[in-house]
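Please read these points beside the model, and check each one against the coordinates as you go.

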Amino acid sequence: MLLHIPGLFEKDEVQRIREALEQADWADGKITAGFQSAKAKHNLQLPENHPLAKEIGAAMLERLWKSPLFMSAALPHKVFPPLLNCYTAGGSFDFHIDNAVRQPKGSMERVRTDLSATLFFSEPEDYDGGELEIQDTFGTQRVKLPAGDMVLYPGTSLHKVNAVTHGTRYASFFWTQSLVREDSQRALLFEMDGAIQQLTRDLPDHPSLIRLTGTYHNLLRRWVEV
Ligand code: NI
């Protein structure tokens, strides 16, 4: 499942973040790449413990935890702290699949990368190219979202970032370990949750709502891993 989550940050917030990113000291993106993907990766990244990365990452997680769409779709168990990247002057990241397990620097805890996410901090008209291309069962999806918006997609999918041939593309990316490992099961629960929310608005007193909500939780209980 590929999901667009709009407006996690307002335009003035995005502007302030972008200004801070323009002043930052960037490092080679290969610092967090595996052996294989280092060959495909040509971009810049803030080091994991960079104060600005930590500050923006913390603000993102606070927003995400308040986003009903993210909570319902990702069913998050734990999140790898968001990283920040910059593509400019022809920078690109060729087709790859993300490493299955990630360990944040200085942490004992490991995160299984069930879901990948990219939050855009540059407006689409600020740069040429730079689309996130994701191959899934419906074919290739090309994603280039307004600043402040995020895309969530399965960590299992083959993806790439096209070369930025003009301007600069700032974004954040991170991984989520879900309570439910399988994308197809998460998609089913997300659909059902959405339908229950809609019914709760339209027919709040309907007695079947209790049974449907119960069935949602009984499916979740069957699939959940903690
Ligand atoms: Ni990737």
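1. Basis of the note. The model is predicted, and local features need pLDDT of at least 70, side-chain atom pairs count only at pLDDT 80 or more, while totals for chains, interfaces and linings use all residues. Residues are numbered from 1 along each chain as its sequence is written, and side-chain values use heavy atoms, with hydrogens and water left out.

2. Helix 5 and helix 6. Helices (H or I, at least four residues) and strands (E, at least two) are DSSP runs, numbered from the N terminus. The axes of helix 5 (residues 183-202) and helix 6 (residues 208-223) come within 10 Å and cross at roughly 160°, where axes are lines fitted to C-alpha atoms, for helices over the stretch in contact, and angles run from 0 to 180 degrees between N-to-C directions. Helix 5 is therefore roughly antiparallel to helix 6, a term used for angles over 145 degrees.

3. The contact between them. Contact means heavy atoms within 4.5 Å, and among the residues that make it are Leu188, Met192 and Ile196 of helix 5 and Leu212, Tyr216 and Leu219 of helix 6. By class this contact has 11 nonpolar, four polar and one charged residues, with Ala, Val, Leu, Ile, Met, Phe, Trp, Tyr, Cys and Pro counted as nonpolar, Asp, Glu, Lys and Arg as charged, and the others, Gly among them, as polar.

4. Helix 1 and helix 3. The axes of helix 1 (residues 11-23) and helix 3 (residues 51-65) come within 11 Å and cross at roughly 160°, so these two helices are also roughly antiparallel to each other. Glu13, Ile17, Ala20 and Leu21 in helix 1 meet Leu52, Ile56 and Arg63 in helix 3, a contact with five nonpolar, no polar and two charged residues.

5. The lining of the largest pocket. A pocket is an open set of points, on a 1 Å grid over the protein atoms alone, where a 1.4 Å probe fits, with protein on both sides within 12 Å along at least five of seven lines; lining residues have an atom within 4 Å of a point. Of the 24 residues that line the largest pocket, Phe93, His96, Asp98, His159 and Phe173 lie nearest its centre. Strand 16 gives the most to this lining, with five residues, and by class the lining has 12 nonpolar, eight polar and four charged residues.

6. Asp183. This residue is found in helix 5. Asp183 and Leu115 are 68 residues apart in sequence and 8.5 Å apart in space, C-alpha to C-alpha. Not counting residues up to four places away in sequence, Asp183 touches Met1 and Pro154.

Note on methods
Angles under 35 degrees count as roughly parallel, over 145 as roughly antiparallel, 65 to 115 as roughly perpendicular and the rest as oblique.
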